Amino acid sequence: MTSLNTCQNKTVIFFINLDKKYGIGHFQRCLKFSSIFENFEKTIVSENKENFKNFKTIKYKDFLKTKNFYNFAVIDNYKIKFSDEKKIKSRVLKIITIDDLCNRKFCSNFIINYDPLIKKNIYKNKKDKNSLLLLGKNFNFLENKEFNNTKVKKKIKVFIYLGQKNREELIKNHILPKLKKEYIEEIIIASKYNFNFKGLKLTFKYFKNYKETAKIIANCNIIIVSAGVTIYEALSQKKLIFTSKISTNQNNNYKYLIKHNLVKDIKELKNLKLKNI
């Protein structure tokens with residue numbers, strides 16, 4: 001992407017799904033991706049009154065009214081339809097869509113889907129003939145790395161994130177009973193649904209941005225997450241990871257990461273060996 005340096009009036013606008021019910025992954029992912037747009041003026045389309053460091057904000061209806069023209073648009077938003085994409089294209093030079101679902105038509109110049117098991121023919125008749133498909137694990141910009149060590153130090157910290165829905169029953173019945181309290185210093189759960197569990201110290205937090213999530217993952221030994229975007233942050237930090245698929249678009253991620261021994265299924269928590277060093 002060194003050719004980005006040749007752009008005039010360097011501007012990029014991000015259409016990100018910031019709805020909390022879809023989790024924190026979209027914002028995480030776009031913050032990572034935005035790093036390639038060094039020295040660009042960055043704008044986020046948001047209906048919320050939030051301040052994003054190093055980003056301007058604009059509402060979607062105002063974007064459509066403005067006469068501003070952007071070099072790039074990055075779309076990572078389930079709510080954007082083909083008709084919306086065409087409107088966006090009238091205001092930008094190139095559109096980059098980060099896709100998980102392939103459930104609509106696209107007029108993007110670039111489509112990124114880093115699903116490790118994705119097949120090219122899934123986009124047949126859904127894209128413009130000149131659209132460039134960037135598919136598979138080689139286009140995963142979230143920097144996944146292998147770490148396969150099931151022994152960790154005594155008195156560990158655990159991070160749990162299973163999306164924005166209420167996962168209390170899953171956590172209480174299938175995760176916490178497998179964590180031996182004599183080894184656990186703290187369990188941090190990213191959820192707005194608080195509950196207690198006898199014998200274990202639980203801390204509940206909600207993370208608004210990628211940096212907060214990355215920081216807490218860095219301070220934990222064991223990461224228990226769904227097989228979505230956040231799992232790649234844990235992999236990049238070489239953490240011991242246990243996972244489960246909680247939505248259909250996570251199936252291929254889950255299969256690939258398990259098959260290549262990059263992560264373990266949540267069921268394997270019962271086999272966790274804690275080494276007292």
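In which strand does Thr 243 lie?

Mentor: Thr 243 lies in strand β13. Keep in mind that this is a predicted model. Start with the burial of Thr 243. Its relative accessibility is 1%. Buried means under 20% relative accessible area, so Thr 243 counts as buried.

Now the strand itself. β13 covers residues 240-244. Two bridges join β13 to β14, and the two strands run parallel. Across that pairing, Thr 243 stands opposite Asp 265 in β14.

Next, the contacts. Neighbours within four places in sequence are left aside here. On one stretch of the chain, Thr 243 is in contact with Val 225, Ser 226, Ala 227 and Ile 231, among others. Its contacts also include Tyr 254 and Ile 258. Further along, Thr 243 touches Val 263, Lys 264, Asp 265 and Ile 266.

For the spacing in helices, recall the general rule: an α-helix has 3.6 residues a turn, so residues three or four places apart point the same way. Just after α7, Asn 261 takes a positive phi of about 60°.

Step back to the sheet. β13 belongs to an open sheet of six strands with parallel pairing, in the order β11-β10-β9-β12-β13-β14. β11 (202-205) and β14 (264-265) stand at the edges, each with a single partner strand, so one side of each is left without a neighbour in the sheet.

Thr 203 lies in β11. At 17% relative accessibility, Thr 203 counts as buried. Its contacts, with neighbours within four places in sequence left aside, are Glu 186, Ile 187, Ile 188 and Ile 189. Thr 203 and Glu 186 are 17 residues apart in sequence, with their C-alpha atoms 7.3 Å apart in space. Their side chains are joined by a polar contact of 2.7 Å.

Now the other sheet, for context. This open sheet has seven strands, ordered β3-β2-β1-β4-β5-β6-β7, and its pairing is parallel. β3 and β7 (132-135) stand at the edges, each with a single partner strand, so one side of each is left without a neighbour in the sheet. On average, neighbouring strands are turned by 20° against each other, direction ignored.

Take its strands in turn. Strand β1 (residues 11-16) is joined to β2 by five bridges, and the two run parallel. Thr 11 has Glu 41 in β2 as its bridge partner. Four of the five residues of β2 (residues 41-45) are buried, so β2 is largely enclosed by the rest of the structure. Three bridges join β2 to β3 (residues 56-58), again running parallel. There, Thr 43 stands opposite Lys 56. Elsewhere, five bridges join β4 (residues 70-76) to β5 (residues 92-98), in parallel. In that pair, Val 74 has Ile 96 as its bridge partner.

Helix α1 (residues 25-33) touches β1, β2, β4, β5 and β6, and its direction makes about 145° with that of β4. α3 lies across β1, β4 and β5, at about 145° to β5.

Asp 84 sits in α3, which covers residues 82-89. Asp 84 is buried yet has no salt bridge. The nearest side chain of opposite charge, Lys 87, is 4.8 Å away. A salt bridge needs the nitrogen and the carboxyl oxygen within 4 Å. A polar atom of the Asp 84 side chain does lie 2.9 Å from the backbone nitrogen of Lys 81. With neighbours within four places in sequence left aside, Asp 84 is in contact with Tyr 60 and Lys 79.

Finish with the whole protein. The protein holds seven helices and 15 strands. Of its 277 residues, 50% are buried, and Thr 243 counts among the buried ones.

Definitions and conventions:
Residues numbered from 1 in each chain as written. Predicted model: local features only at pLDDT ≥ 70, side-chain atom pairs only at ≥ 80, totals over all residues. Heavy atoms only, no water. Pairing = 2+ DSSP bridges. Buried < 20%, exposed > 50% of the residue type's maximum accessible area, 1.4 Å probe, protein only. Lys, Arg positive; Asp, Glu negative; His and termini not counted. Polar contact = N/O pair within 3.5 Å; in protein donor to acceptor, adjacent residues only side chain to side chain. Contact = heavy atoms within 4.5 Å. Axes fitted to C-alpha atoms, helices over the stretch in contact; angles between N-to-C directions.
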